Amino acid sequence: MGAEEIKKTILKKMVIHRYWGGKHTAYDNLQKGFEPHLIKEVKKVADELIKAGIIIPKPTSYGLHVSLNPRMKELIEKAIEL
């Protein structure tokens, strides 16, 4: 599984659960559903998505949470081919 496929899977999962803007999930939840040997790569791809502004980080007192950037909706939908 390559980086593009991981990116598509992360974004698709977040769209399905409707993690847009104010609704967020724990950063650690992004790796759920992936095989154990891919977890480092998943975290690397998630960090790249945060740097690109596609995923918005939200620091909380109980850990880092993330949500999809509503301003990037078109780009995200193209990336996952909805």
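Start with the largest nonpolar core: select Ile10, Met14, Ile55 and Leu68, which touch the most other members among its 22 residues. Helices H1, H2 and H3 (73–80) and strand E3 each supply at least two residues of this core. The model is a predicted one. In soluble globular proteins, nonpolar side chains tend to be buried together.

Next, show the contacts of isoleucine 10. Leaving aside residues up to four places away in sequence, it touches Leu30, Phe34, Val42, Val45, Ala46, Leu49 and Ile55.

Now select helix H2, residues 39–52. Its 14 residues reach 20 Å from first C-alpha to last, close to the 20 Å expected at 1.5 Å a residue. Color Val42, Val45, Ala46, Leu49 and Ile50: these are buried. Look down the axis of H2. The buried residues fall within an arc of 145 degrees, so they line one face of the helix. Turn to the other side of H2, where Lys40 and Lys51 are exposed.

What covers the buried residues of H2? Show helix H1 (3–16), strand E2 (55–60) and strand E3 (63–68), which are included in that cover. Then step just past H2 to glycine 53, which takes a positive phi of about 85 degrees.

Last stop: leucine 64, in strand E3. Is leucine 64 buried or partly exposed? Its relative accessibility is 35%, so it counts as partly exposed. Beyond residues up to four places away in sequence, leucine 64 touches Thr25, Ala26, Tyr27, Pro57, Lys58 and Pro59. Leucine 64 and histidine 24 are 40 residues apart in sequence and 9.8 Å apart in space, C-alpha to C-alpha.

Conventions:
Residues numbered from 1 in each chain as written. Predicted model: local features only at pLDDT ≥ 70, side-chain atom pairs only at ≥ 80, totals over all residues. Heavy atoms only, no water. Helix = DSSP H or I, 4+ residues; strand = E, 2+ residues; numbered from the N terminus. Expected span 1.5 Å × (residues − 1). Buried < 20%, exposed > 50% of the residue type's maximum accessible area, 1.4 Å probe, protein only. Arc of directions from axis to C-beta. Contact = heavy atoms within 4.5 Å. Core = buried A, V, L, I, M, F, W, Y, C linked by side-chain atoms within 4.5 Å.
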